[in-house]
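Here is a friendly note to read alongside the model.

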Amino acid sequence: MTHSTLAAPAAPIAKPPSPWREALRVFCRNPSSIFGLVLLLAIVAVAVFGPMLMDVDPFDLVAPPMDPPGSEFAILGSDYLGRDVLTGLIFGGRATLLVGIVAAFLSVFIGVVIGALAGYYGGWVDEVLMRITEFFQVLPALLFAMVLVTLFSPTLWTSAIAIGVVSWTSTARLARGEFLRLKQLDYVLAERVIGAGSGRIIWKVILPNAVAPLIVSATLAVGTAILFEAGLSFLGLGDPNMMSWGLMIGSSRPYILDAWWAVTLPGVAIFLTVLAVSLIGDGLNDAFNPRLRERA
């Protein structure tokens with residue numbers, strides 16, 4: 001008498017973790033990246049909610065000129081006109097961060113469009129777009145931004161647009177390289193075989209798979225834009241009607257020996273913000289780079 005044996009059910013195959021979830025895990029295990037994220041969130045929170053809680057104007061003269069920190073009129077001192085440095089830091093953070101974000105968005109948008117078209121189509125399109133990229137790359141970026149701001153009057157928006165227009169070249173080269181690599185892969189060729197148009201392949205097939213390094217580039221572009229805005233304001237090309245950290249440094253620089261705090265404290269704010277953005281960018285680079293992720 002034979003007894004039939006029932007086969008044991010096969011063990012379920014473990015589903016590999018999502019690349020985005022794996023990247024998030026690596027990012028969260030990076031102490032410097034978490035420190036940068038917490039620092040940036042704190043700066044953004046102060047810049048966004050601080051002005052809502054303060055019923056003052058950063059241009060008000062509330063203390064004697066060049067009053068040192070710790071005085072009864074201004075906790076962090078006053079500048080050469082008697083404006084409160086602490087109030088300027090809180091209100092100026094909003095303008096500085098806004099310029100950085102808008103300029104970075106514009107920079108990444110221009111760079112991705114040009115890099116995507118150059119990398120996907122190749123040939124004469126690639127040649128023309130790369131020559132344009134090289135032309136902008138060899139221009140003195142700060143000088144070109146100064147010319148644009150001077151031509152269209154120094155405002156917050158013209159500063160952001162000028163910074164974005166002069167700082168897109170590195171993103172364009174990065175996007176071009178990613179599109180050159182990805183357009184040869186099987187899933188892109190399969191889309192072509194089934195008759196998908198170039199627009200769908202570029203923006204819905206290749207771009208989502210190239211977004212990881214572009215996120216890193218966009219993050220670092222924010223820090224670059226903040227430094228650009230500080231440089232323009234330092235040279236007197238910032239918006240005189242909008243308080244920003246660069247404007248605080250630029251207006252008080254002749255009095256740095258008598259009121260060092262009016263220049264140093266906005267400089268420290270810029271330094272901490274750019275440091276936070278750089279730490280986040282490094283963490284994202286480690287998280288999205290497979291080789292660095294394996295090492296981490």
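1. A cavity here is a set of points on a 1 Å grid over the protein atoms alone where a 1.4 Å probe fits but cannot get out. Points are joined across faces, edges and corners, and the volume is the space filled by probe spheres set on them.

2. Please keep in mind that this is a predicted model, in which local features need pLDDT of at least 70, side-chain atom pairs count only at pLDDT 80 or more, and totals for chains, interfaces and linings use all residues. Residues are numbered from 1 along each chain as its sequence is written, and side-chain values use heavy atoms, with hydrogens and water left out.

3. Which residues line the second largest cavity? They are T155, L156, S159, E229, S233, G238, D239, M242 and S244, where lining means having an atom within 4 Å of a point. Helix 6 (156–166) and helix 10 (211–234) are the elements that each give two or more residues to this lining. Helices are DSSP runs (H or I, at least four residues), and strands are runs of E with at least two, numbered from the N terminus.

4. By class, this second lining has two nonpolar, five polar and two charged residues. Ala, Val, Leu, Ile, Met, Phe, Trp, Tyr, Cys and Pro count as nonpolar, Asp, Glu, Lys and Arg as charged, and the others, Gly among them, as polar.

5. The search of the whole structure finds two cavities of 30 Å³ or more. The largest has a volume of about 70 Å³, and its lining consists of D79, R83, D84, V85, G88, M243, M248, S252 and A262. Helix 3 (85–121) and helix 11 (245–252) are the elements giving two or more residues to that lining. Four of the lining residues are nonpolar, two polar and three charged.

6. Stepping back, the protein has 13 helices and zero strands. Its C-alpha trace spans about 105 × 60 × 30 Å along the principal axes. The radius of gyration is 25 Å, whereas a compact globule of 296 residues would have one near 19 Å; this is taken over C-alpha atoms, and the globule rule is 2.2 Å times the number of residues to the power 0.38.

7. How much of the protein is buried? Buried residues (under 20% relative accessible area, with a 1.4 Å probe and protein chains only) make up 44% of the 296 residues.

Conventions
On a 1 Å grid over the protein atoms alone, a cavity is a set of points where a 1.4 Å probe fits but cannot get out, and a pocket is an open set with protein on both sides within 12 Å along at least five of seven lines; lining residues have an atom within 4 Å of a point. Buried means under 20% relative accessible area, exposed over 50%, partly exposed in between (1.4 Å probe, protein chains only).
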